[in-house]
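Lead sentences come first, followed by points grouped by topic.

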Amino acid sequence: MKPFIFTRIQYNSGDWDTDQRMPANILNSLVEYTTIPIDEKEKVVLLSSNEIFKSPFCYLSGHKLVEFSSQERDHFRKYVENGGFVLVDDCNHDIDGLFAKSFEQEMARTFGAKALQKIPNTHEIYNCFFKFEGPPTTSFELNGWGDDLVHDYLKAVQINGRIGVLYSNKDYGCEWDYDFRNKRFLAEDNTKFGVNIINYALTV
């Protein structure tokens, strides 16, 4: 089995380089809880590059505009339709914010108007490693900026019954953006859902 590489997508619009400690934290959790071999270094790939097709899992995030070029859109669509998995996280945690509105419009352009849909809280991704009753709440959802709502669902683009794009307005990137050595101070490790996401991406 090849080592898992945490691959971040760099896109030309918006701000893609968020939550810089988060990948190392999630990689530490994979070591702690699973037998998945890992590469310790995050990899950044241009969405317009063919490098994206080498990674089974990618992460895309930001606060600002998401507007793909025609080549970026073509690569994103081909990547997902050929079995790739993208975790997309809205750092604004705001369904009316610029990132959310522009990303959802981009998914409609890329996959069709009805492609991005809420997934049920009984979905396999919530039970494929650790057990959850739905998407875990983040501390950032009720911090007085963003839409100040707890989102009780995630959305996804599914291809042949399998999630290809998992979309969150919950700001998991910020929630997991801390030095992994500080995890011991938490009553419950809040990165466990990240383990589920990657386990799903690699096995389903």
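**Cavity and cores**

Phe-6, Met-22, Ile-26, Phe-57, Leu-87, Trp-176, Gly-194, Ile-197 and Ile-198 line the largest cavity. Two elements, helix 1 (22–33) and helix 5 (192–203), each give two or more residues to that lining. The model is a predicted one.

**The cavity**

- The count of cavities of 30 Å³ or more comes to 1.
- The largest cavity holds about 40 Å³ of space.
- Helix 5 gives the most to its lining, with 3 residues.
- Sorted by class, the lining has 8 nonpolar residues and 1 polar residue, and no charged residues.

**The largest nonpolar core**

- This core has 28 residues, and those with the most contacts inside it are Phe-57, Phe-85, Ile-125, Leu-166 and Ile-197.
- Helix 1, strand 3 (57–62), strand 4 (85–90), strand 7 (162–168) and helix 5 are the elements that give two or more residues to the core.
- Helix 5 gives the most here, with 6 residues.
- Apart from this core lies another one, of 24 residues, which includes Leu-47, Cys-58, Phe-103 and Met-107.

**Phe-57**

- Phe-57 is part of the cavity lining, and Phe-57 is also among the residues with the most contacts inside the largest nonpolar core.
- Leaving out residues up to four places away in sequence, Phe-57 touches Phe-4, Ile-5, Phe-6, Thr-7, Tyr-79, Phe-85, Leu-87, Ile-197, Ile-198 and Ala-201.
- Of these contacts, Phe-6, Leu-87, Ile-197 and Ile-198 also line the largest cavity.

Note on methods:
Residues numbered from 1 in each chain as written. Predicted model: local features only at pLDDT ≥ 70, side-chain atom pairs only at ≥ 80, totals over all residues. Heavy atoms only, no water. 1 Å grid on protein atoms, 1.4 Å probe; cavity = no way out; pocket = protein on both sides within 12 Å on 5 of 7 lines; lining within 4 Å. Points joined across faces, edges and corners; volume = space filled by probe spheres on them. Helix = DSSP H or I, 4+ residues; strand = E, 2+ residues; numbered from the N terminus. Nonpolar A, V, L, I, M, F, W, Y, C, P; charged D, E, K, R; others polar. Core = buried A, V, L, I, M, F, W, Y, C linked by side-chain atoms within 4.5 Å. Buried < 20%, exposed > 50% of the residue type's maximum accessible area, 1.4 Å probe, protein only. Contact = heavy atoms within 4.5 Å.
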